[in-house]
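Good morning, and thank you for the time on today's agenda.

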Amino acid sequence: SSTTYWCRTVTLPKLDFEAQVIGVDPIVQPGNEGLVHHIIVYECDNKTGFKEDYDGFCFANMPDEASQCYGTSQVFGWAIGGRGERYPLDVGLPFGVKTGLHTVVIEMHYDNPDGLADIVDSSGLRAYYTQKLRKYPAS
């Protein structure tokens, strides 16, 4: 296919402290820069983790719990030509033991107009967080 939307459910690490995400960087596998079109992270209401992890095509055959948060509350987005993002110095996205982000769906969009076969990709994201809570929570 010339375009593929691939989704993965992720249960974030369980922290025993409160933290805030303060920035995110894309990590595009060398050689795949022309194939990785965008990455979007959607927040899920699920606070305990997914019953089953999902790693496959978006839209079709996604478990209900992943489908319910896919396409709803976007917390990060990156597209070709973009760089990483940093929140303002007084803003952070809560996650951790009491409140905030616990589970996400990551959507990877691959654009393959030449129909190349047997492509393997390990692109993803690197999140930065702090325990020094900032004044304003991002939502």
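**Overall build**

Of the 139 residues in the protein chain, 40% are buried, where buried means under 20% relative accessible area, exposed over 50%, and partly exposed in between, with a 1.4 Å probe and protein chains only. Please keep in mind that this is a predicted model, in which local features need pLDDT of at least 70 and side-chain atom pairs count only at pLDDT 80 or more, while totals for chains, interfaces and linings use all residues. Residues are numbered from 1 along each chain as its sequence is written, and side-chain values use heavy atoms, with hydrogens and water left out.

The chain contains one helix and 10 strands; these are DSSP runs numbered from the N terminus, helices being H or I of at least four residues and strands E of at least two. In sequence order the pattern reads β-β-β-β-α-β-β-β-β-β-β. The radius of gyration is 16 Å, close to the 14 Å that the globule rule gives for 139 residues, so the chain is as compact as a globular protein of that length. That radius is taken over C-alpha atoms, and the rule is 2.2 Å times the number of residues to the power 0.38. The C-alpha trace spans about 50 × 35 × 20 Å along its principal axes.

Contact here means heavy atoms within 4.5 Å. Among contacts between residues at least 6 apart in sequence, 89% join residues at least 24 apart.

**The largest pocket**

What is the volume of the largest pocket? It is about 970 Å³. A pocket is an open set of points on a 1 Å grid over the protein atoms alone, where a 1.4 Å probe fits, with protein on both sides within 12 Å along at least five of seven lines; lining residues have an atom within 4 Å of a point. Grid points are joined across faces, edges and corners, and the volume is the space filled by probe spheres set on them.

The lining comprises 39 residues, of which Arg8, Ile106, Met108, Ser123 and Gly124 are the closest to the centre. Among the elements that give two or more residues to this lining are strand E1 (3-11), strand E2 (18-27), strand E8 (103-111) and strand E9 (124-130).

**Selected residues**

Asp25 belongs to strand E2 and, at 18% relative accessibility, counts as buried. Beyond its neighbours within four places in sequence, Asp25 is in contact with residues including Glu85, Arg86, Gly124 and Arg126.

Asp118, in the loop between E8 and E9, is exposed, with a relative accessible area of 78%. Its phi is near 55°, a positive value in a residue other than glycine. Most residues other than glycine have a negative phi.

Finally, the segment after strand E10 (136-137) holds Ser139. Is Ser139 buried or exposed? Ser139 is exposed, at 98% relative accessible area. Ala138 lies in the segment after E10, yet counts as buried at 16%. Leaving out residues up to four places away in sequence, Ala138 touches Tyr87, Val91, Gly92, Leu93 and Pro94.
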